[in-house]
Amino acid sequence: MAKTSLSPQLKAAFVREILTFLKHCKSARAAATNEVARQYLEWREKQSSAPAREALRWFYREGRRATDPGLTPEHPKPVTAPAGPLREERPFTRPTQPPPAASDLGSTPWERELIKASRERGFLWRTEQTYREWAVRFARYIAPRSPFAAGGAEVASFLSALAVEGRASPSTQKQALNALVFLMQEALHRDLGEMAFKRAYPKQRLPTVLSVAETRSLFAQMNGTPRLMAELAYGSGLRLMELLRLRVHHLDLDRGRLQVFAGKGDKDRVTVLPEKLIPELRDHLGRLQGLWRADRAAAVPGVWLPEGLDRKYPKAGVSWEWQWLFPSRELGLDPATRIRRRHHVSDNLFQRALKQAATKAALTKRVTPHTLRHSFATHLLEGGADIRTVQELLGHASVETTQIYTHVMQKPGLGVRSPLDAAPASPPRSPGPL
């Protein structure tokens, strides 16, 4: 750009437009192809009169000239992506904010079909992104062939390689299976038939559980809303997204209950609400009412509503009971409607606050939001709660899932003592070299 004869004002405008386009490609997890550029320009030219088309035309022309001086735009060089081992694939980086849905339509025909099928069924953004990530990995695996030409044999080969070469867990392989079956059968309308593939070796992993003293020291290092969120996640056994998606009407403060709607597997349940948090939640709701009134006075659009409710109850998004319990400080852009509205707090912010608190508390365990849920279940069982009750509070479909917490209780089995504790006291050891 510095070597061109463009005016300084035009150079600055070109740089700004090119960086905006590259940021769009990064957020959309798409390569800077001609198709992506065309879709971006259709959206960009409706929003601004900036010279976006001229900037991208210069960007692509100079890019071709830099990579191959003898290459002309009329005769582009074909590009193929050879398949490689699964462990050599580039890791996926999921953007923290959803890209604009109107311009995020995929860069290939098969990806556009997948996106269309996902949105017709009302998939959440995270589900759509997960399915797209697995579809991209599968496309790389069978390259240069297209998923349109693939069948059950290719899918089975990919799943087997995922287990053998990638050393994937059974849950990861199951997620890939669900994503690829949806891609092939629902999006591309191809019958996979019977598939025989190598199943991932089942591994039983014990959950990480904090002691009661460790949870207290963790919460002592947190303040304000992050601490309230952490204590509520632990005190009610909530998953991360269940916590973030809580709304005002989910709280039943008078009866001490917390209602979880559309949890994992799109299931509803009722769990316990800690009595200790009820006064803090009342104060928190009082502060939220001030923010809600300010949004209404500023004519901020209502919050996002579940599928269909915004059509059935158009004004529900501005009503008090549908507001997020933990809203974000800043307004965000709705990827589907391009409406700037208030969303719930980002999961990255809460996870970062929890990690910083664990570091300050000098905990030697890996602490995540799900660790609080594990600790909730384990401490209930240690306190004598019935395992069926714990199963209902956690929302587990099978009691076998809940039984894993019996292996990490402080007194597993029948309270067996270690033989070293029962042995006579030994003389004190003299300190020696390490």
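Me: Where does the model come from, and how are things counted?

Reply: It's a predicted model, where local features need pLDDT of at least 70, side-chain atom pairs count only at pLDDT 80 or more, and totals for chains, interfaces and linings use all residues. Residues are numbered from 1 along each chain as its sequence is written, and side-chain values use heavy atoms, with hydrogens and water left out.

Me: OK, rings next. How many aromatic pairs are there?

Reply: Eight. Rings of Phe, Tyr and Trp (its six-membered ring) pair if their centres lie within 6.5 Å; planes under 30 degrees apart are stacked, over 60 edge-to-face, and the rest tilted.

Me: Why is the pair of Phe-123 and Tyr-131 edge-to-face?

Reply: Because their planes are at 85°, with the ring centres 5.7 Å apart.

Me: And are those two buried or exposed?

Reply: Tyr-131 is buried at 16% relative accessible area, while Phe-123 is partly exposed at 27%. Buried means under 20%, exposed over 50%, and partly exposed in between (1.4 Å probe, protein chains only).

Me: Which residues do ring pairs link into a cluster with Phe-138 and Phe-158?

Reply: Trp-134 and Tyr-141.

Me: Zooming out, how many helices and strands does the protein chain have?

Reply: 17 helices and five strands. Helices (H or I, at least four residues) and strands (E, at least two) are DSSP runs, numbered from the N terminus. Of the chain's 434 residues, 40% count as buried.

Me: What's the mean pLDDT of the protein chain?

Reply: The mean is 82, and 80% of residues reach 70 or more; pLDDT is the predictor's confidence in each residue, from 0 to 100. Over residues 69-85 it's below 50, and that stretch has 12 contacts (heavy atoms within 4.5 Å) beyond near neighbours in sequence. Residues 87-94 are also below 50, with 14 such contacts. Where pLDDT is low, the predicted coordinates should not be read in detail.
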